[in-house]
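Morning, everyone. Please have a look at the structure on the screen before I start.

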Amino acid sequence: MNETRKITGSEAVILSLIEEGTEIIFGYPGGAIMPVYDALYGFADKITHVLTRHEQGAIHAAEGYARVTGKVGVVMATSGPGATNLITGIADAMIDSTPIVAITGQVGAALLGTDAFQETDVVGISMPVTKWNIQVTRPEDIPDAIAKAFYIARSGRPGPVLVDLTKNAQFGTLDYKYEKCHFIRSYVPKPTPDESKIIEAAKLINSAQKPYVLVGQGVILGNAEDEFRAFIEKSGIPFAWTLLGASAMPIDHPLNVGMLGMHGNYAPNIKTNECDVLIAVGMRFDDRVTGDLTRYAKQAKVIHLEIDPAEIDKNVKTTVAVLGDVKETLPMLTRLVEKRDHSQWRKEFDECYEIEKQKVIQHELYPEKPGLTMAEVIRRINEQTNGDAIIVTDVGQHQMIASRYFKYTIKRSLVTSGGLGTMGFGLPAAMGAKLGRPDKQVICVVGDGGLQMTIQEFGTIMAHNIPVKIVLLNNHFLGMVRQWQQLFFDKRYSMTELKNPDFQIIAEGYHINHQKVTERSQLDVAISNMLKSEKAFLLEVVVEKEDNVFPMVPSGASVSDILLEATN
């Protein structure tokens, strides 16, 4: 937009969002953001607003939208409690590298620092959990602030940005002209690749006898799935994926050896301490992946492909650091690596898989006991969708089970809270995911604990007719905490058993289709009913109360100490 015209600051907010391609705003109005909502009233034909039932629901919905589309999620809230209710979701987006622009209202500039009604220093509060934030006190500064916000949120390693608008800035007028931001002095979103490091990494890979690739969300964020496929298929190297790296490659790819981490697969964990070259692609060596760092991959040369220099050597000492966007660095590396087979090395992973299959997988997917397991529910959902669905999870046992057993076949098809582990994430994130990808079946897998943290968003689903499918795996426990209490606290189940409401009546009250399953014989028909429903659907499945999730790397243990069953 090159022409200049006089408008209010609040109108400038909406016009700027439209210039940045914003299609949906998730939010909740209040006094300090009311001028922007008033301006929004005149743009209903150009931008959709989704009124959630809580600001936390709004930010998680924006995260879900961003994760499945690759676009920037936009959320709005008022000052004080409205702004602070966003903080959990902003922190979640920060650690999981999700591009978000949060716009908050603020008291007038003249009242700043006076403890005025609903005044909170949201810039100070959010500073540790945002990629960038700014408080705007003049209307003429609004377009530039929003342009920078979108550029910073989506460029390099993505993340959340917050723009705090004082009320006088919203009411004031300016000569409006919008220019998108493409450069900020001293901000380098992605490093320039060093060709000598590429050469050095290729030499290590070509001389390796037992190379091993760990793929993280960086491949997904960089839209580098095709480049990653070309690299592994030429090199012939087996790869495992982090929780957020799921769907970077189809699960059935022959070089895929499974999920990493505390509740990942057996082979991917123990082989970390047996490989000779470890190649980390777009992942940050989170503690849930590494276990005890003093016993992690000490025998291996480590190559780390990463866009964020702060992640290099932060947790794991690298032999060769390849800085840059993996969409650029992977093809450079692929050109130099030799085409190899590594079939004998891959056979070792297969042997470990057979051990896990006999001890864990077979019993979870095809249980002989009368009670339903979480894994068999996921298996049967997968069979009826053929993996062609987006799975959004909450946090807990069901999260690990859904991540391990659903057969992800399409890009950006697992949305989950990784680094922060935010209970309550699942339901609102699924709403945002469905609005972002209305062409796909979106299935929210949630536990009875997490669902009740944001269950008010049933109201948003009802009001906006969002046809999300909700699979409630109900074990009447805070399951993951209960598992730890069983294994490490002598079965002292302190405050983890839940007395739950009748979820079917609640769904009925919100006009959401629903069904409850207590017997195995009911499951297939119920899943079919859910998938065929053109409206939102709550499928509640009562599962075993004391099922545990294995494999498991105990807290503080080495990845080599992964357990396949309880030891007590």
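Predicted model: local features only at pLDDT ≥ 70, side-chain atom pairs only at ≥ 80, totals over all residues.

Helices first. Look at α1, residues 9-19, and α7, residues 142-154. Their axes come within 9 Å and cross at roughly 30°. Angles under 35 degrees count as roughly parallel, so α1 is roughly parallel to α7. The crossing of α1 past α7 is right-handed.

Which residues make the contact? From α1, they are Gly9, Ala12, Val13, Ser16 and Leu17. From α7, they are Ile142, Pro143, Ile146 and Phe150.

How many strands does the open sheet have, and in what order? Six, running β11-β10-β9-β12-β13-β14, with parallel pairing. At the edges sit β11, 256-259, and β14, 320-323. Each of these two pairs on one side only. From one strand to the next, the twist averages 20°.

Let's zoom in on one pair. Strand β9 covers residues 211-215, and strand β12 covers residues 277-281. The two run parallel, joined by five bridges. Take leucine 214: its bridge partner in β12 is alanine 280.

One more element belongs here. Helix α11, residues 225-235, packs on the sheet. What does α11 touch? It touches β9, β10 (239-241) and β12. The direction of α11 makes about 165° with that of β9.

Technical notes: Residues numbered from 1 in each chain as written. Heavy atoms only, no water. Axes fitted to C-alpha atoms, helices over the stretch in contact; angles between N-to-C directions. Helix = DSSP H or I, 4+ residues; strand = E, 2+ residues; numbered from the N terminus. Parallel < 35°, antiparallel > 145°, perpendicular 65-115°, else oblique. Left-handed = near helix turned anticlockwise from the far one by under 90°. Contact = heavy atoms within 4.5 Å. Pairing = 2+ DSSP bridges.
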